Amino acid sequence: MAHAMLSEDQVEAFQRDGAVLIKGLFKDQVDLLRAGVAANMAQPGPYASNNEKAGESGRFFDDYCNWTRIPEFAAAIESAPVAEVAADLMRSDRVQMFHDHVLVKEPGTSMATPWHQDGPYYFVEGQQTVSFWSPLDPVREASLRCVAGSHRWEKEVLPTRWVSEQGFFPDEGQYIPVPDPDAEGMRVLEWQMEPGDAVAFNYRTLHGARGNTSAQRRRAFSLRLVGADARYVERPGPTSPPFPGHDMVPGQRLREDWFPVLLQR
């Protein structure tokens with residue numbers, strides 16, 4: 001039986017397409033998350049970036065791994081039904097925290113979020129993964145765009161650095177080049193969204209977003225969770241986020257003192 005916020009059809013769509021819209025997942029936490037984003041931008045963490053790229057206008061701020069120092073983020077994660085919804089979507093009896101991510105595109109920010117899968121950047125492997133991407137402003141054009149079924153591709157897409165577009169790791173044939181879903185006629189899912197709505201997507205789902213040409217900011221909060229089958233894996237280079245000093249070994253579940261278990265059924 002799915003959480004009251006979810007239908008079985010939505011769970012099926014998440015499993016099949018790798019992405020689904022969840023209306024109102026953070027509807028009661030929008031003000032809390034906006035306050036958290038303001039605190040984050042006022043005091044950026046060590047991983048913060050303004051993604052400055054030659055020829056692009058505006059400001060595209062992003063930062064991650066701040067929930068332990070920004071109480072508003074921790075309170076929103078605790079009070080929204082994210083763990084129950086994640087468990088149902090992943091079909092997992094266990095939900096564990098991975099990290100948070102803030103992405104703010106100021107009005108007139110031309111830079112698109114490049115097409116990418118999150119999984120290859122992470123030191124996590126498993127089918128039971130979910131990210132929630134929730135805008136804190138109404139979005140029309142600058143919504144998240146996901147390629148249906150890409151979480152089941154045989155090979156992952158080469159992770160690249162967003163500004164330089166260089167490969168994150170050496171590619172020894174284990175990756176495919178970054179595709180152009182619009183040009184290649186892939187089925188792209190995207191939704192017009194209200195503050196507090198969320199797109200749920202698998203770590204291996206190819207996704208991106210257009211620039212923000214509107215006159216309004218586009219603030220988004222992302223929450224990344226893992227399920228029962230998720231295990232630590234080594235990559236061909238440093239991961240993003242790096243979590244220095246984690247001391248995990250391949251095949252291990254993520255250490256619970258750093259990545260708390262949010263739900264165990």
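These exercises work through one predicted model, each with its solution. Residues are numbered from 1 along each chain as its sequence is written, and side-chain values use heavy atoms, with hydrogens and water left out. In this predicted model, local features need pLDDT of at least 70 and side-chain atom pairs count only at pLDDT 80 or more, while totals for chains, interfaces and linings use all residues.

**Exercise 1. Check the span of helix 2, then find its buried side.**

Step 1. Helices (H or I, at least four residues) and strands (E, at least two) are DSSP runs, numbered from the N terminus. Helix 2 covers residues 30–42, which is 13 residues.

Step 2. The expected span of a helix is 1.5 Å times one less than its number of residues. For helix 2 that gives 18 Å, and its end C-alpha atoms are 18 Å apart, so the two agree.

Step 3. Buried means under 20% relative accessible area, exposed over 50%, partly exposed in between (1.4 Å probe, protein chains only). V30, L33, G36, V37, N40 and M41 of helix 2 are buried. They cover an arc of only 130° around the axis (taken from the directions from the helix axis to the C-beta atoms), so they lie on the same side of helix 2.

Step 4. The face turned away from that side carries the exposed residues D31 and A42.

Step 5. Contact means heavy atoms within 4.5 Å. The buried residues pack against strand 2 (60–64), helix 3 (71–79), strand 3 (94–105) and strand 13 (218–226).

**Exercise 2. Show how helix 4 is enclosed, and find its place in the core.**

Step 1. Helix 4 spans residues 82–90. Eight of its nine residues are buried, so helix 4 is largely enclosed by the rest of the structure.

Step 2. A nonpolar core is a set of buried Ala, Val, Leu, Ile, Met, Phe, Trp, Tyr and Cys residues joined through side-chain atoms within 4.5 Å. The largest has 38 residues, of which F26, L89, V130 and F132 touch the most other members. Helix 4 gives the most to this core, with seven residues.

Step 3. Take L89. Leaving aside neighbours within four places in sequence, its contacts include L6, V11, F14, I22, V130 and F132.

**Exercise 3. Classify two aromatic pairs.**

Step 1. Rings of Phe, Tyr and Trp (its six-membered ring) pair if their centres lie within 6.5 Å; planes under 30 degrees apart count as stacked, over 60 as edge-to-face and the rest as tilted. The count comes to 16 aromatic pairs.

Step 2. The ring centres of Y47 and Y64 are 5.1 Å apart and the planes are at 20°, so this pair is stacked.

Step 3. F73 and F221 lie 5.0 Å centre to centre with 40° between the planes, a tilted pair. F73 is in helix 3 and F221 in strand 13, so the pair ties together parts 148 residues apart in sequence.
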